[in-house]
Amino acid sequence: MTDYKGIKGFTIPTVSSDPSNPIMGQIWYNSTSGRFLGRAEGYGTGTWSSGGNINTARRQTSCAPDGTSTAGLLFGGAPGDVALTESYDGTTWTEVNDLNQGRYEAGGGGTQAAALAFGGYSSPAVDAVTESWNGTSWTEVNDMNVAGRGLGSCGTQVAALAIGGGRLPGETITAAVEQWNGTSWTEVNDLNTARVYLPGAGTVTAGLAMGGSIPGVTGATESYNGTSWTEVNDMNTARYGNTGFGIQTDALTMGGEEPLTAKTESFNGTSWTEVNDLASARRTSGGGGSSTDGLIAGGYNPPANLDISEEWLKPASGTVTITMS
Amino acid sequence: MANKYCTATNWGKDFFTHEDRRHFYLSGHPGQVWVVGDNHFGDSWIGKVSGVSKTQAEAQAIVDGEIEAGQTAYDALSAEEQAERSRPVKYNLP
């Protein structure tokens, strides 16, 4: 029988600790862990691992969309009009200063250090209140023109979009879009398809709207160029209450219903591809990040409001260390 | 590939890792039920998380019980509250 030495001309080295920078294709036996290891081409897609549990389980929550798996900010949620804000360092969620106005289904923009919260539902009515986060506390700024909940959202603390949602009067499912310039909200061109409970991604000049309820689930995806929305290819799995993040040409969406799903899809600017699922199906979670490094936290998997989070990591091509035994 | 079933409490960070997810199928369900790919990596993970092994029928019964409790709770909600969420639906574990 041909053995490794017969094929490669040398034996597999035995080491007590893994090499710090193995070359592509290198394999070794780690005598400490008792495992054969090697460096191989990347798997082409990312995976979800478990992150730290949030302190307060919640659904219909929001997240700073431009965070990372080591710098997340989660705010608001249900049940009740949650004002709690939690900050994530890659290991632990820490409670920080609350929103001034508790709410759920709010839109979000920005990062852990500079975020924006807008709209949502604050009993007994939909909300137009906007708050700005400076890394320490929330400050109320100018309201949206029309109160709305279940909004899609994207952008930064000073340049954000509020996309669709259930707006006044009567929480009507709308195609309306508002743009935040750091000071005030301005109505801009509508989506082609009115919808609610959708995530957004990208920026105010390169945005993306992904799925939602029209009512009834849709996989419709629309791309925004700073002026108008254009329909592009649908997601493979229509859904609402999904989470999403990334940029217009490299985005992810995950979770949602109906039915409740753990499916994750990747958008390359043209079409959607299914990638590795979440471990736990959920809807109305908060999420932020990029196609290579992101985070989802909280949400709802009936009958439980969730305190669990998952971290998305897509390694750069060709840098995966694999365990073979 | 067949799956194994267990219950285990998700403690958070590193309960399952990216490497785990590359090595075996894993999905979490109501009642802290986990469906685990049947290979030696999956077996090692069940040990790591102190999983309590279940048969598929036992695991399904736990999930069904949780969903039935959720359905009961949903049915007790007001129409307004019900409009904000969907009624839990039973499904079969993989």
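This is a predicted model: local features need pLDDT of at least 70, side-chain atom pairs count only at pLDDT 80 or more; totals for chains, interfaces and linings use all residues.
Biologist: Where should I start with chain B, and which elements does it have?

Modeller: Start with the elements and their order. Chain B has four helices and four strands, and from the N terminus on they run β-α-β-β-α-β-α-α. Its C-alpha atoms fill a box of roughly 50 × 30 × 20 Å along the principal axes.

Biologist: What do the contacts within chain B join?

Modeller: Look at sequence separation. Among contacts in chain B between residues at least 6 apart in sequence, 65% join residues at least 24 apart. As for burial, 30% of the 94 residues of chain B count as buried.

Biologist: How many residues of chain B are in contact with chain A?

Modeller: An interface can be read by counting residues on each side. Here 25 residues of chain B are in contact with 24 residues of chain A. On the chain B side, α1 (18-23), β2 (26-29) and α3 (56-75) each supply at least two residues. That side divides into nine nonpolar, nine polar and seven charged residues.

Biologist: How do I read a nonpolar core?

Modeller: In soluble globular proteins, nonpolar side chains tend to be buried together. In this model the largest nonpolar core has 80 residues, and those with the most contacts inside it include Ala117(A), Leu161(A) and Val36(B).

Biologist: Which residues does Val36(B) touch?

Modeller: Leaving out residues up to four places away in sequence, Val36(B) touches Asn3(B), Lys4(B), Cys6(B), Phe24(B), Leu26(B), Gly42(B), Trp45(B) and Ile46(B).

Biologist: How is chain A divided?

Modeller: Chain A has domain 1 (4-40) and domain 2 (47-313). Their C-alpha centres lie 43 Å apart.

Definitions and conventions: Residues are numbered from 1 along each chain as its sequence is written. Chains are lettered from A and ligands numbered from 1 in the order in which they are written. Two residues are in contact if their C-beta atoms, placed from the backbone, lie within 7 Å. Ala, Val, Leu, Ile, Met, Phe, Trp, Tyr, Cys and Pro count as nonpolar, Asp, Glu, Lys and Arg as charged, and the others, Gly among them, as polar. A nonpolar core is a set of buried Ala, Val, Leu, Ile, Met, Phe, Trp, Tyr and Cys residues joined through C-beta atoms within 7 Å. A residue is buried if 20 or more other C-beta atoms lie within 10 Å of its own, exposed if 12 or fewer, and partly exposed in between; C-beta atoms are placed from the backbone. Domain bounds come from an automatic or database domain assignment.
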